Number of protein chains: 2
Amino acid sequence: MVKVKIDERAEQRILAAAKKIFLSKGLDGARMQDIADEAGINKALLHYYFRSKDKLFETIFMEVAKHFLPRVSEIFESGKPLFDKIELFCETYIQQMKETPYLPLFILGEATRRPETFVKKVFGNRKPPVHLFVAQVQQEIKSGNIKPVHPLQLLIDILSMCVFPFMARPMLEHVAGINKKQFDAFIEERKKLVPEMIIASLKNN
Amino acid sequence: MVKVKIDERAEQRILAAAKKIFLSKGLDGARMQDIADEAGINKALLHYYFRSKDKLFETIFMEVAKHFLPRVSEIFESGKPLFDKIELFCETYIQQMKETPYLPLFILGEATRRPETFVKKVFGNRKPPVHLFVAQVQQEIKSGNIKPVHPLQLLIDILSMCVFPFMARPMLEHVAGINKKQFDAFIEERKKLVPEMIIASLKNN
DNA sequence: ACCTTTGTTAACCATTTGGTTAAATTTTAT
DNA sequence: ATAAAATTTAACCAAATGGTTAACAAAGGT
């Protein structure tokens, strides 16, 4: 008979709980007691494993921040044609946001409130290789394969359309009068529509 | 000689201070003392004019939320051709976000954390007439003037591209290695580029 | 002048909150 | 088994925070 580990290690439960609470309430809104309750342990144990609220938050932030730029480097560095990269970028991004819908508001909110603390730490020395994307776009323009566009503007266009709908979700659902299921369908549709739209705008004729 | 009102009414100063503090720190991050200090008055006076922190916050939120959908109704209800509306929408939106760059993260952050409290209150009975835009797009499709697109997806595309860059600003500046002046130029350029891009993607040939 | 209303403040108060401590329990090594 | 190390908890603590009170000052009306 396999021995089932009935309860995870406390440290893991704390991390999971902290992630849930911080993501939904933010640094200021989260209470250490909330996290302890969610993890089912005593509050003092939080300080035993992680020295302070700030330390715990930073641990979560860093772990979670990775997912905000999901596999972007991998995609940019792949040898794929531009249009394939755009399709893959949208697909990957929207899928990631579907799985962690609180992520963008959380990351951008905290990064805006404490830029010096977080923005630099997130990327450390390894920024995503935007220049590769930029160079490829410029190459395609020079070759006459696509219309002349500003590469960085293009990148932000794509990113905006993939991420923003998740941030505006509650308003969207209310204004458009749709429910969660319809929102999911709406988002799923975007995996195809966004790259189509972008690529159509790039084609020459 | 004109008598200069050396200090505004305290109530006004409180509102201005609360706006500044709440917008930058959010409901949870803002301290009543911060607001009192910013307004240059005693903390008790905050409670004299506005009963509680929540009441004060709601006042600010409601006042400020109006600017999140700047003149959208006006634009949708104007008799203008679709492409003109799109151009005007982008121009108006980006300009508003330039003037109140903290707005989107603030509104969407609070709306997400307390949807039942805020989302409905913001719009009250008067939602923006999205259906007018939708109908106009459908009409243009039927007339064969533009490619067939999903009207709501189109609207979100536009909104995303206008608003998101302001929310992602600190990350953007860091990743793209640009300063505030360059960001402003980047944004200014979008007033033309975004509608151009959208309209190009709608044209038939 | 005098009284009433409105505006403003210093000093408090109760609760919440992040954090600590010392004791108790469990695990691990010998 | 037993001592040492690691884990967990209940009880505290000090600071911060939203909010109240009572006294004081300014303005307005008579």
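Predicted model: local features only at pLDDT ≥ 70, side-chain atom pairs only at ≥ 80, totals over all residues.
**Figure 1**

**Figure 2. The contact area between chain B and chain A.** On each side of the interface residues are in contact: 49 of chain B with 49 of chain A. About 4,600 Å² is buried between the two chains, and carbon and sulfur atoms give 75% of this area. Within chain B, the residues that lose the most area to chain A are Phe164(B), Met171(B) and His174(B), which together account for 16% of what that side buries.

**Figure 3. Salt bridges and polar contacts across the interface.** Two salt bridges are found between chain B and chain A. A salt bridge joins the side chains of Asp157(A) and Arg190(B), with a distance of 2.6 Å from N to O. Twelve residue pairs are in polar contact across the interface of chain B and chain A.

**Figure 4. Helices on the side of chain B that touches chain A.** The elements of chain B that give two or more residues to this side are α1 (10-29), α7 (103-113), α8 (115-123), α10 (151-167), α11 (169-176) and α12 (180-202). The largest share, eleven residues, comes from α10(B). By residue class, the side of chain B that touches chain A comprises 31 nonpolar, ten polar and eight charged residues.

Conventions: Residues numbered from 1 in each chain as written. Chains lettered and ligands numbered in written order. Heavy atoms only, no water. Contact = heavy atoms within 4.5 Å. Buried area = accessible area lost by both parts, 1.4 Å probe. Salt bridge = Lys/Arg side-chain N within 4 Å of Asp/Glu carboxyl O. Polar contact = N/O pair within 3.5 Å; in protein donor to acceptor, adjacent residues only side chain to side chain. Helix = DSSP H or I, 4+ residues; strand = E, 2+ residues; numbered from the N terminus. Nonpolar A, V, L, I, M, F, W, Y, C, P; charged D, E, K, R; others polar.
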